[in-house]
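I opened the model today to look up a few things. My notes follow in the order I took them.

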Amino acid sequence: MKKILIVDDEPNIVMALEYTFKKNNYQVFIARDGQEALDILKTNYPDVIILDIMMPMVDGYATLEQIKKEDNLKHTKVIFLSAKNKESDIAKGLSLGANAYMTKPFSIKKIVDQVSELLEN
Amino acid sequence: MNSILLLIILSGYLAVLFFIAHWAEKKGNSKWTNNPYVYTLSLAVYCTAWTYYGSIGVAAKSGLGYLPIYLGPIIIAPSWILILKKIIRISRVNKISSIADFISLRYGNSRFLGAIVTVICLTGILPYIALQLKAISETFHLVTKTATNSFIFDDTTTYVAVALALFASYYGTRYVDASEKRKGIVTAVAMESILKLVFFVIIGIYVTYFVFDGFDDIYQKASLLENFKEKNTIGGLPQAINWFLLCVLSMFAIFLLPRQFQVSVIENNRENHINTAVWLFPLYLLIFNLFVYPIAWGGNILFEGQDVNSDSYSLLIPQFFNNKTLTVLVFLGGFSAAISMIVVSSIGLSTMLTNNVLIPYNLLGKLKSDEQTISSRKIINSRKFGIFILIILSYFIYRYFGLDYSLVSIGLVAFVIIAQLAPAFFGALFWRRGSRLGAIYSIIIGFLICIYTLLIPYTIGISNLESFFISKGFMGIELLRPFQLFGLDYLQPVPHALFWSLLFNSFTYFAVSVSFKGNYRERNYAEMFVDINKYIINHENAFIWKGTAYRNDIEKVLIRFLGEERTKRAMNIFNVKYNVDKNQELADARLIKFSENLLTGHIGTASARILISSVVKEEKISLPEVLKILEESKENIITNKKLTETSKELKEISAKLQTANSSLIKKDLQKDEFLDTVTHELRTPITAIRAASEILHDDDEIPEDLRKQFLQNIISESDRLNRLIDKILDLEKFETGKQTINPSKNNLSNTIEKAIEPLQQLIKNKNITIHIESKHKFNAYYDEDRIFQVITNLVSNAIKFCPEKEGLITIQIAENSDFIQTSVLDNGKGIPTSDFEVIFDKFYQSTNQNIKKPVGSGLGLAICRQIIEHHKGRIWAQPSIKGACISFTLPKNKNTEN
């Protein structure tokens with residue numbers, strides 16, 4: 001069973017993603033901001049992380065930087081999922097080392113496809 | 001008193017003066033040497049041994065006759081604010097170092113005129129210096145009760161003269177540039193001025209109150225003496241004219257005497273020192289003259305019928321009563337008065353002698369081929385030598401010409417000679433037409449008349465009634481009798497000479513100037529002198545010159561006299577001042593004037609002109625051309641001034657535009673940020689709605705409770721979206737002024753309670769205690785719906801930030817005469833001080849990064865601020881012991897005009 005970590009401060013969005021990935025046989029972890037995510041990542045090494053950018057406390061960028069430093073998470077794929085949809089935002093996100101960048105609002109189907117595609121490679 | 005003892009005292013006194021000069025020279029610009037009092041006291045070099053001893057003599061012999069010499073300066077002193085300031089300004093910008101330089105420059109750098117002025121000054125002043133030496137010598141012998149020595153090396157005065165010559169030549173020529181300030185000398189002179197005044201006042205008080213019984217006593221006793229009445233009346237119209245002419249004479253002297261020009265103009269550090277001198281110097285003279293009268297008549301009473309020199313009363317009286325200390329003090333006072341005159345005069349004369357005679361007529365060619373260090377040394381040495389020679393020369397005049405006249409008469413002769421400079425000098429200041437020829441002829445003619453009416457008779461012997469020349473006139477022509485020229489027989493010799501010499505002098509100056517036009521250079525300087533205030537800044541602009549000149553050549557000349565480093569520095573200053581490219585090859589008029597100025601202090605105006613002319617090729621300009629250029633330059637200066645003003649205005653406007661622009665840029669950035677955040681905030685609920693809808697749409701196996709939950713999410717996110725849109729519109733209305741508020745008289749406590757009511761459930765759920773601290777009802781004018789909104793927002797925020805356990809919200813209401821202040825406090829994590837301001841911005845984001853999530857909608861506090869400010873109130877965050885504290889004020893009175 002693949003493990004997925006969803007990091008977002010909007011409970012209703014998290015709820016939709018949680019439901020979807022559980023249904024698709026993922027083990028789902030949930031964090032409401034970057035700090036919570038990093039706490040979870042100390043003991044769990046998910047295959048994929050879906051990461052929001054604008055969050056209270058520790059934001060998505062900073063979280064990704066920490067993830068990149070962690071040896072145990074070398075193979076973990078990271079998808080930015082953000083309402084920041086300008087090209088410059090996307091370029092910045094990818095340059096920081098995310099494997100994919102998806103904008104909000106998103107299609108459930110597409111995000112499931114994106115995740116499985118990343119895991120296949 | 002023993003001569004050896006007196007000599008020791010004298011040496012000690014001189015040592016102290018040397019020390020003061022040395023100290024002042026080292027201190028340079030300290031406030032001890034550079035202040036209006038030192039300046040004013042240095043002007044008191046006017047009071048020489050003549051004042052100190054001679055006035056008493058005159059008062060004793062002829063009553064009030066001593067007064068005009070002091071009345072003149074006292075009367076003219078207020079005019080210094082205008083005239084002396086003008087002279088100082090002209091001298092400063094042109095680097096003038098003597099009165100000869102001043103006159104020579106004004107009349108077109110005239111070498112000849114500079115030399116004539118120097119000769120006049122030497123003729124007038126050398127006997128005057130000799131007189132001071134005589135005073136020193138005579139008083140020395142009087143104090144020591146010794147006979148005058150006929151052998152030079154036995155005469156103390158010889159040594160005093162040598163010591164003074166050394167002192168003056170050392171401290172008077174520290175710099176090659178003669179227009180530099182001589183702090184040491186000036187401070188020493190100021191010190192001497194204090195001493196001579198103090199010692200004079202002491203002897204005055206001694207005679208008045210210790211020898212006699214006050215002024216009345218002296219008057220009573222003196223009035224019994226014969227001739228008392230006669231001596232103490234002005235004596236009718238002729239005598240009044242004598243008085244008047246003597247006043248005029250001393251008015252000129254205070255401006256023209258080389259030593260006065262030296263201390264009042266050359267050594268002036270700041271123009272505004274004059275403001276003090278204007279009252280303090282007359283006061284000094286008044287105090288000095290206060291005791292002249294009692295000492296003189298005291299002496300007359302004490303020594304009635306004895307053959308004593310009344311000039312020496314101030315020494316004879318204490319000696320008569322065997323008061324040695326006082327005798328020595330008086331002697332030292334007179335000594336001070338004499339030596340300060342000798343030192344300052346010799347410095348002034350020596351500068352003139354070198355810069356206006358020796359260098360332009362002789363040394364210039366030799367100096368030109370010398371290295372800079374050598375030429376500087378030669379210049380300094382010639383000045384040193386000049387001072388030395390002048391003092392020694394005066395010493396020989398004193399030794400061999402006897403000078404049998406009283407202190408006063410020789411002094412007055414000097415005044416009359418110097419007064420010959422008056423028409424040319426004051427004409428230079430006020431009359432543009434005054435010309436070089438006019439000045440030359442006027443001075444010569446005035447001087448010749450002086451020789452005829454004063455010098456020759458004085459040489460023959462004023463009291464020599466047998467003299468054919470004096471009693472019968474030149475070749476027996478009665479009209480040419482030197483003391484009754486053209487039959488003018490009611491004036492005393494000095495006023496008489498002054499009257500005729502000045503009459504012919506002024507007339508010549510005027511007539512020649514009007515009849516013969518001067519050259520363009522004179523006209524140019526006339527403009528610069530008369531209108532100095534107009535040209536004080538960038539005065540090089542006013543100099544007119546046409547021709548070809550190369551910077552390189554001029555620089556070479558400058559380097560010869562100033563040295564490499566100073567020349568470079570000066571050139572840099574010039575380039576910066578006039579915004580000239582340093583690689584420019586050709587020199588313009590400004591540079592030529594600038595260079596002449598640089599040289600003037602070293603070698604005098606005439607030589608500076610000659611030197612610069614030797615390396616440039618000047619074209620002649622006609623007088624009309626000069627006048628035209630002057631007119632243009634005058635207009636230019638006015639236009640320039642206007643341009644400077646306009647450019648200043650433009651600068652201000654441009655600065656304002658820049659601020660406006662940067663604030664616009666800032667606002668634009670804020671707008672971008674705002675849009676960014678707004679779209680983000682709108683997308684978030686849409687994202688949730690879309691995700692939930694997609695699941696509901698695609699997934700048929702969704703459990704019933706989850707299906708309901710997703711539908712519930714869709715509803716609440718739609719509401720959120722709608723609220724957000726409402727708030728954005730609300731804020732936009734406030735910001736653009738479309739939103740109005742409708743104040744009415746309301747009770748704030750009621751409004752607060754009403755606002756809290758809907759939040760009670762939330763408060764209960766979070767276990768928060770809410771506490772309202774208000775003693776009574778507070779009435780104010782406000783829009784209740786809007787304030788309701790503010791309170792709801794603040795309390796909602798407080799609820800959000802209260803800790804999970806033991807949350808506490810406090811609402812405090814207080815009032816003063818104008819305002820009611822409401823504060824909402826919680827015990828949550830609080831607001832960082834750095835965020836106190838920004839939280840009221842739209843979409844405030846903590847630490848100002850646009851990636852962090854705003855709290856709530858990010859618009860609540862921004863709207864609150866708008867509402868409060870529309871009520872003419874204020875809202876702010878403030879530090880509190882624990883948690884956040886937001887306060888707002890509302891005015892009590894109905895003054896909101898919205």
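Entry 1. I started with helix 2 of chain B and asked which of its residues are buried. I found B:V38, B:Y39, B:T40, B:L41, B:S42 and B:L43 buried. The model is predicted, so I treat every value here as computed. The helix runs over residues 36–43, and six of its eight residues are buried. I then checked what covers these buried residues, and the cover includes helix 9 (183–211), helix 13 (258–266) and helix 14 (273–290) of chain B.

Entry 2. I moved to helix 1 of chain B, residues 3–27. At 1.5 Å a residue, its 25 residues should span 36 Å. I get 36 Å between its end C-alpha atoms, which agrees. Its buried residues include B:L10, B:L17 and B:A21. B:A24 and B:E25 are buried too. The buried residues of this helix pack against helix 8 (156–171) and helix 9 of chain B.

Entry 3. I looked up the nonpolar cores. The largest has 200 residues. B:I103, B:L256, B:V416, B:I418, B:A419 and B:L421 have the most contacts inside it. Helix 17 (residues 324–368) of chain B gives the largest share of this core, 21 residues. A second, separate core has 40 residues, among them A:Y19, A:I67, A:I79 and A:F80.

Entry 4. Last, I checked where the chains meet. The contact takes 21 residues from chain A and 17 residues from chain B. On the chain A side, helix 1 (residues 11–23) of chain A supplies the largest share, six residues. By class, I find 13 nonpolar, three polar and five charged residues on that side of chain A.

Notes. Residues are numbered from 1 along each chain as its sequence is written. Chains are lettered from A and ligands numbered from 1 in the order in which they are written. This is a predicted model: local features need pLDDT of at least 70, side-chain atom pairs count only at pLDDT 80 or more; totals for chains, interfaces and linings use all residues. Two residues are in contact if their C-beta atoms, placed from the backbone, lie within 7 Å. Helices (H or I, at least four residues) and strands (E, at least two) are DSSP runs, numbered from the N terminus. Ala, Val, Leu, Ile, Met, Phe, Trp, Tyr, Cys and Pro count as nonpolar, Asp, Glu, Lys and Arg as charged, and the others, Gly among them, as polar. A residue is buried if 20 or more other C-beta atoms lie within 10 Å of its own, exposed if 12 or fewer, and partly exposed in between; C-beta atoms are placed from the backbone. The expected span of a helix is 1.5 Å times one less than its number of residues. A nonpolar core is a set of buried Ala, Val, Leu, Ile, Met, Phe, Trp, Tyr and Cys residues joined through C-beta atoms within 7 Å.
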